[in-house]
Amino acid sequence: MDYDIVIIGAGVVGLAIASELANLKKEILVLEKNESFGMETSSRSSEVIHAGVYYPKDSLKAKLCVKGNELLYNIAQNNDIPYKNCGKLIVATSSEEEKNLSPIMEHSLEIGAKGVRVVENTEIKKLEPNVYALSAVYFPTSGIVDSHSLMKFFYGKAKENGVDFLFKGEVFGIEKKESFYRIEIKEYDGQISSVSTKIVINSAGLNSGKIAEIAGFDVEKLKYKIYYRKGIYFRVQKKLANMPKMLIYPVPPEDSTVGIHTVPELSGGMRLGPYDFWVNEIDYSVDSSYLDLFYIASKKFLPILEKEDLSPDMAGFQAKRYGPNEKSRDFIIKEESKNGFPNFINLIGIESPGLTSSPSIAVEVKEIVKNL
Ligand SMILES: Cc1cc2nc3c(=O)[nH]c(=O)nc-3n(C[C@H](O)[C@H](O)[C@H](O)COP(=O)(O)OP(=O)(O)OC[C@H]3O[C@@H](n4cnc5c(N)ncnc54)[C@H](O)[C@@H]3O)c2cc1C
């Protein structure tokens, strides 16, 4: 046997798992198709440490977000990873929207978010003088983190503890043998190689459905197929970067989970986004024709914004387990003996709050591995 554990994918989730499993004294290999870690979804997010708002009670998303929030602040604090506990407001700009605030607050408290409360106009003016809102829900545990530094920390910790990494190593085949798996890899020079492993951990992000499929899972039946939801951002001129300082979110619109919000950056800049929509292909371009839409959506709560302040920025893709007109589905994080694949752990549909949840997902996976 070459390895005890092979982890497919070095995004924030695969890296968090590698660093968490590293002290189990097992032989571990991480396979990553790109030349370095975190070159896909994990470096194309809002970098928000979520408090826990948008996910159904008793879902893995809710549980792992609330737990991940606490773990992530601890990790950042203790390891010099830049972060800011800036807090967040979900703002109502009409009396119609105000009706949604109490249910949002109650739901967040129910799933475990801490210190959430409704704030009135006078307090909002003190907190954020440049924001227009009739009232808002305040989330004191929301913040932002430098996701690249976080990934670098997980990577370093895993490496120090003996985890092997193969970059430019794309998994294209997985064969189940009697008591192990053979993984086929296309390397950077086109050379084909393979490794054997007792345990497979599929954390391949946008490709997690495809990895399950090549291993032999019936992805349609199991609802493991991944659909792409593109999220685009516009950059705001630097002069407005600290106005506001907090994360300002709208009441979630019907066609999006969160809606276009402010994305303060630790480097001192600010983005707005994401505006998200279904696509069939990965294309990271951002069409400037969305400028009006961004302006109209953000001007409602940020009256100081002018059209000239906006320019197209970046895009990222959420790996979702459901497509257009389907109801939202939860993360899959499970060992697959029941589906005929013992010692195969699938992580599928790790969309937002996947960054926040990365440390708690890693703890969850460690518990599974310890019981194998
Ligand atoms: C627009 C947007 C905004 C977001 N905002 C937030 C936020 O504010 N807060 C939050 O908590 N979450 C947020 N998220 C979600 C979060 O970014 C993701 O949940 C998280 O980054 C997923 O990490 P991952 O490691 O699963 O996936 P990835 O980062 O995609 O990593 C998967 C890795 O697997 C590799 N891989 C794929 N196929 C193969 C193969 N065949 N062989 C080898 N390697 C392979 C890929 O190259 C990649 O590096 C956001 C996401 C998007 C798109």
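**Helix contacts**

Modeller: Let us begin with a contact between two helices: Leu64, Cys65, Lys67, Gly68, Asn69, Leu71, Leu72 and Ile75 of H2 meet Thr356, Ser357, Ser358, Pro359, Ser360, Ile361 and Glu364 of H10. Two residues are in contact if their C-beta atoms, placed from the backbone, lie within 7 Å. Helices (H or I, at least four residues) and strands (E, at least two) are DSSP runs, numbered from the N terminus. The model is predicted: local features need pLDDT of at least 70 and side-chain atom pairs count only at pLDDT 80 or more, while totals for chains, interfaces and linings use all residues. Residues are numbered from 1 along each chain as its sequence is written.

Biologist: Which classes of residue make up the contact of H2 with H10?

Modeller: Ala, Val, Leu, Ile, Met, Phe, Trp, Tyr, Cys and Pro count as nonpolar, Asp, Glu, Lys and Arg as charged, and the others, Gly among them, as polar. On that basis the contact of H2 with H10 divides into seven nonpolar, six polar and two charged residues.

Biologist: At what angle do helix H2 and helix H10 pack?

Modeller: Axes are lines fitted to C-alpha atoms, for helices over the stretch in contact, and angles run from 0 to 180 degrees between N-to-C directions. H2 (residues 60–78) and H10 (residues 354–370) pack at about 105°, and their axes are 6 Å apart. Angles under 35 degrees count as roughly parallel, over 145 as roughly antiparallel, 65 to 115 as roughly perpendicular and the rest as oblique. H2 and H10 are therefore roughly perpendicular to each other.

Biologist: How do the axes of H1 and H10 cross?

Modeller: The axes of H1 (residues 12–21) and H10 cross at roughly 45° and come within 8 Å. That makes H1 oblique to H10. A crossing is left-handed if the near helix is turned anticlockwise from the far one by less than a right angle, and right-handed if clockwise. H1 passes H10 in a right-handed crossing. Twelve nonpolar, two polar and two charged residues form the contact of H1 with H10.

Biologist: Is the crossing of H1 and H6 left-handed or right-handed?

Modeller: The crossing of H1 and H6 is left-handed. H1 and H6 (residues 147–160) pack at about 35°, with axes 8 Å apart. Among the residues that meet are Leu15 and Ala18 in H1 and Phe154 and Tyr155 in H6.

Biologist: Which residues come nearest to the ligand?

Modeller: A residue is near a molecule if its C-beta atom, placed from the backbone, lies within 6 Å of it. Of the 41 residues around the ligand, Gly9, Gly11, Gly205, Gly231 and Gly354 come nearest. The shell comprises 16 nonpolar, 18 polar and seven charged residues.

Biologist: Which backbone features deserve a look?

Modeller: Most residues other than glycine have a negative phi, and most peptide bonds are trans. Here the bond from Gly273 to Pro274 is cis, with omega near -10°, and Pro274 is in strand E16 (residues 270–279). Ser352 and Pro353 are also joined by a cis peptide bond, with omega about 10°. Asp58, which is not a glycine, has a positive phi of about 70°.
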